[in-house]
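I opened this notebook to record what I looked up in a single model. The entries follow the order of my reading.

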Amino acid sequence: MLVREIHDYLDQLSPFESQEKWDNSGLIVGSMDQNFDELVISLDLDEELLSKVKPNSLIITHHPLIFSPLKTINFDSYATKLLKILIKKDIALISMHTNIDKSHLNRYVATQVLEFQDVRCEEFVCYADVNMSFEKLQQHVVNKLGLKALKVTQKKDHVQTVALTTGSGMSLIGQIQADCFLTGDIKYHDAMEAKSREINLIDIGHHESEQHFTALLMGLIEKYLKKNQIKAIIANSQNPFDYK
């Protein structure tokens, strides 16, 4: 199968043109006219994962390997080290980032992973009425996402409405209309801002909240792959953080 064929199918599911201006979703490495033998789906790339991927494969990741233009390729950075491997092994790379965040991923985590009811989504933010104590909500989130560490900010004991943005969503705090905001990568001053707005926070981790991209995408394209006799493998990269 040609890379172009799967790229066009993904574009129908979640248009690449809907990505944010700063994003770099789409074909990052390889050619549209390149044939591939095997498909690998992962949240990210790392050297261990690439060592196991067969030559002449196609990888679809959530996070783009390259965000900013590269001025040098000297193989001493994360992106350039992996680029060298991809090119040597003739592996193509497509990324689906903010386009699929908007169209599918946030809703999938809210409904299928956290099992919230009556979820309503607006761009990057999904809302749900949970009507539970903050303590109970924390435990629910820990259990469903398998969090190994819990970082919270509390202003309210009871949560009626919760907001969710997978990955790193604190730049959206100004538009959040909820008692509690679930997102990742929460920093010190983010917590101060949330407290001033009387919004509870639960840090659901970047990797922990977005690792569900692989199951989501596999579910979306499984019938298409079977129809075209394409073998697909879920091979997630490792979380770069260790929790002691």
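Predicted model: local features only at pLDDT ≥ 70, side-chain atom pairs only at ≥ 80, totals over all residues.

Entry 1: I found an open sheet of six strands, ordered 5-6-8-9-10-7, with mixed pairing. Strand 5 (120–122) and strand 7 stand at its edges; each has a single partner strand, so one side of each lacks a neighbour in the sheet.

**Entry 2: strand 8 and its partners.** I next asked how many residues of strand 8 are buried. The count is eight of 11 in this strand, residues 158–168, and I therefore noted strand 8 as mostly covered. On one pairing, strand 8 runs antiparallel to strand 6 (residues 125–133), and six bridges join the two. Within strand 8, I located threonine 161 opposite aspartate 129. Strand 8 also pairs with strand 9 (residues 180–184), here in parallel and through four bridges. For valine 162 I recorded cysteine 180, in strand 9, as the bridge partner.

Entry 3: I then examined how strand 7 is attached. Two bridges link strand 7 with strand 10 in the antiparallel sense. I identified valine 152 as standing opposite isoleucine 202 of strand 10.

**Entry 4: helix 4.** I looked up which strands helix 4 (residues 98–113) lies across. They are strand 5, strand 6 and strand 8, and the helix runs at about 130 degrees to strand 8.

**Entry 5: helix 6.** I listed Asp190, Ala191 and Ala194 as the buried residues of helix 6 (residues 188–196). Viewed down the helix axis, the buried residues fall within an arc of 100 degrees, so they line one face of helix 6. On the other side of helix 6, I found Tyr188, His189 and Ser196 exposed. The buried residues pack against strand 7 (152–153) and strand 10 (200–203). After helix 6 comes glutamate 198, for which I noted a positive phi, near 55 degrees.

**Entry 6: helix 1.** I asked which residues of helix 1 are buried. In this helix, residues 3–13, they include Val3, Ile6, His7 and Leu10. These residues cover an arc of only 105 degrees around the axis, which puts them on the same side of helix 1. Among the elements covering the buried residues of helix 1, I recorded strand 1 (26–29), strand 3 (57–61), strand 4 (92–95) and helix 8.

**Entry 7: the cores.** I turned to the nonpolar cores. The largest has 45 residues, and Ile6, Phe116, Leu137 and Leu182 have the most contacts inside it. Helix 8 supplies the largest share of this core, seven residues. A second, separate core has 16 residues, including Ile59, Ala79, Leu83 and Ile91. I also checked phenylalanine 116: beyond its neighbours within four places in sequence, its contacts are Ala110, Thr111, Ala128, Val130, Leu137, His140, Val162 and Leu182.

**Entry 8: isoleucine 230.** I placed isoleucine 230 in the loop between helix 8 (213–227) and strand 11 (232–234). Is isoleucine 230 buried or exposed? Its relative accessible area is 14%, and the cut-off for burial is under 20%, so isoleucine 230 is buried. Setting aside neighbours within four places in sequence, I found isoleucine 230 in contact with Met1, Phe36, Leu39 and Leu225. Isoleucine 230 and leucine 39 are 191 residues apart in sequence, yet 7.3 Å apart in space, C-alpha to C-alpha.

Notes
Residues numbered from 1 in each chain as written. Heavy atoms only, no water. Buried < 20%, exposed > 50% of the residue type's maximum accessible area, 1.4 Å probe, protein only. Arc of directions from axis to C-beta. Contact = heavy atoms within 4.5 Å. Core = buried A, V, L, I, M, F, W, Y, C linked by side-chain atoms within 4.5 Å. Pairing = 2+ DSSP bridges. Axes fitted to C-alpha atoms, helices over the stretch in contact; angles between N-to-C directions.
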